[in-house]
Amino acid sequence: MLKEKKTTIWRRIQSLAWPEIIDSLWANGYGRLGPVLSRMECEALRDLYHHPELFRSRVEMERFRFGRGEYKYFASPLPAIVAELRASLYACLAKCANEWVSALSLTATFPAELDEFLQYCHDRGQTRPTPLLLHYRAGDFNCLHQDLYGEVVLPFQVIFALSKPGEEFTGGELMLVEQQPRAQSTGHVIQMEQGEAVVITTRYRPAKGNRGYYRTNFRHGVSRVLTGERYTMGVVFHDAK
Ligand SMILES: [Fe+2]
């Protein structure tokens, strides 16, 4: 594990502005990580989409009424860059995840390292990897949803934009909707440059009330792509049943 931490990806992720990202997570339910991947890395990740042997399953969203477009879950072992991003991001988010479950009065405890967390998932039957690549063409969209794959849920997940807005596609914005108890919902629209990443709430955010914290319920989706093609990568930390 120490050797892995010395890679470029680990250093890059550890040097992000984590105090500000974590503050934004608490305040807004998401935090911008800023530019993380180079154009070449984005293109290399996009190219993986056309190698079916790297994936365990392919989902046509329209068939399940999830939206329109397609995504594929990586098979195990994950490509090296995906595995390093997942492990390094997890290490930076685990402490905050523990503070969130405590604020939400939930009982989960998240270990400091991804390996140990995945073992915990596997012991509970969540053994299939969840990082995925998504591909949208003009007219495609993703309905509001939550990425829950079993009882074990890390409260955060990270989305990487792999295509260049304005040039390679228009439309296709990341949308977050936060449902407040006994109140109307709030929407957030996040436009991301190619290579940018954002960490979002997977399910609940602890919002500060007069008498401690209460839960808001987050869902995310993608507005309709108007022109071109849009690729993204989703890094979910808990594995799936
Ligand atoms: Fe999702």
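This is a predicted model: local features need pLDDT of at least 70, side-chain atom pairs count only at pLDDT 80 or more; totals for chains, interfaces and linings use all residues.
## Strand E14 and its partners

Strands E7 and E14 run antiparallel and are joined by five bridges. Two strands count as paired if DSSP finds at least two bridges between them. Helices (H or I, at least four residues) and strands (E, at least two) are DSSP runs, numbered from the N terminus. Residues are numbered from 1 along each chain as its sequence is written, and side-chain values use heavy atoms, with hydrogens and water left out.

E14 spans residues 225-236 and also pairs with strand E5 (residues 132-137), antiparallel, over six bridges. Here histidine 135 is bridged to tyrosine 231 of E14. Strand E8 (residues 169-171) runs antiparallel to E14 too, with three bridges. Threonine 170 has threonine 227 of E14 as its bridge partner.

## Strand E13 and its partners

E13 covers residues 212-222; two bridges join it to strand E6 (residues 141-145), and the two run antiparallel. Histidine 145 stands opposite histidine 220 of E13. Strand E9 (residues 174-179) pairs with E13 over six bridges, again in the antiparallel sense. Valine 177 is bridged to arginine 219 of E13.

Strand E12 (residues 204-209) is joined to E13 by six bridges, antiparallel. A hairpin connects E12 to E13 through two residues. Arginine 205 has threonine 216 of E13 as its bridge partner. In a regular strand the side chains alternate between the two faces of the sheet.

## The iron site

Which residues supply the protein donors of the iron ion? They are His145 (NE2), Asp147 (OD) and His220 (NE2), at 2.1 to 2.2 Å from the ion. Donors are N, O and S atoms within 2.8 Å of the metal (3.2 Å for Na, K and Ca); water is not among the atoms, so sites may look incomplete. The sequence spacing of the donor residues is H-x1-D-x72-H. His145 and His220 also stand opposite each other in the strand pairing.

Burial here is set by relative accessible area: buried is under 20%, exposed is over 50%, and partly exposed lies in between (1.4 Å probe, protein chains only). Aspartate 147 has 13% and is buried. Histidine 145 has 21% and therefore counts as partly exposed.

## Aromatic pairs and charges over rings

The whole structure holds twelve aromatic pairs. One of them is stacked: the rings of tyrosine 90 and phenylalanine 117 have centres 5.3 Å apart and planes at 20°. Tyrosine 90 sits in helix H4 (residues 80-103) and phenylalanine 117 in helix H5 (residues 114-123), so the pair ties together parts 27 residues apart in sequence. Both residues are buried. Rings of Phe, Tyr and Trp (its six-membered ring) pair if their centres lie within 6.5 Å; planes under 30 degrees apart count as stacked, over 60 as edge-to-face and the rest as tilted.

Ring pairs also link Trp26, Trp100, Phe156 and Tyr213 into a cluster. The charged end of lysine 208 sits over the ring of tyrosine 213, at 4.8 Å from its centre. Arginine 215 lies over the face of tyrosine 204, 4.8 Å from the ring centre. A charge sits over a ring if NZ of Lys or CZ of Arg is within 6 Å of the ring centre and within 35 degrees of the ring normal.

In H5, Leu114, Phe117, Leu118 and Cys121 are buried. Seen down the helix axis, the buried residues of H5 fall within an arc of 100°, so they line one face. The arc is that of the directions from the helix axis to the C-beta atoms. Glu116 and Asp123 are exposed on the other side of H5. H4 is among the elements covering the buried residues of H5; contact means heavy atoms within 4.5 Å. Just after H5, glycine 125 has a positive phi of about 85°.

Helix H2 (residues 18-28) buries Trp18, Ile21, Ile22, Ser24 and Leu25. Down the axis of H2, the buried residues fall within an arc of 160°, so they too line one face. The face turned away from that buried side carries the exposed residues Pro19, Glu20, Asp23 and Ala27. The cover over the buried residues of H2 includes helix H1 (8-14), strand E1 (30-35), H4, strand E7 (156-161), strand E11 (196-201) and E12. Glycine 29 follows H2, and its phi is positive, near 85°.
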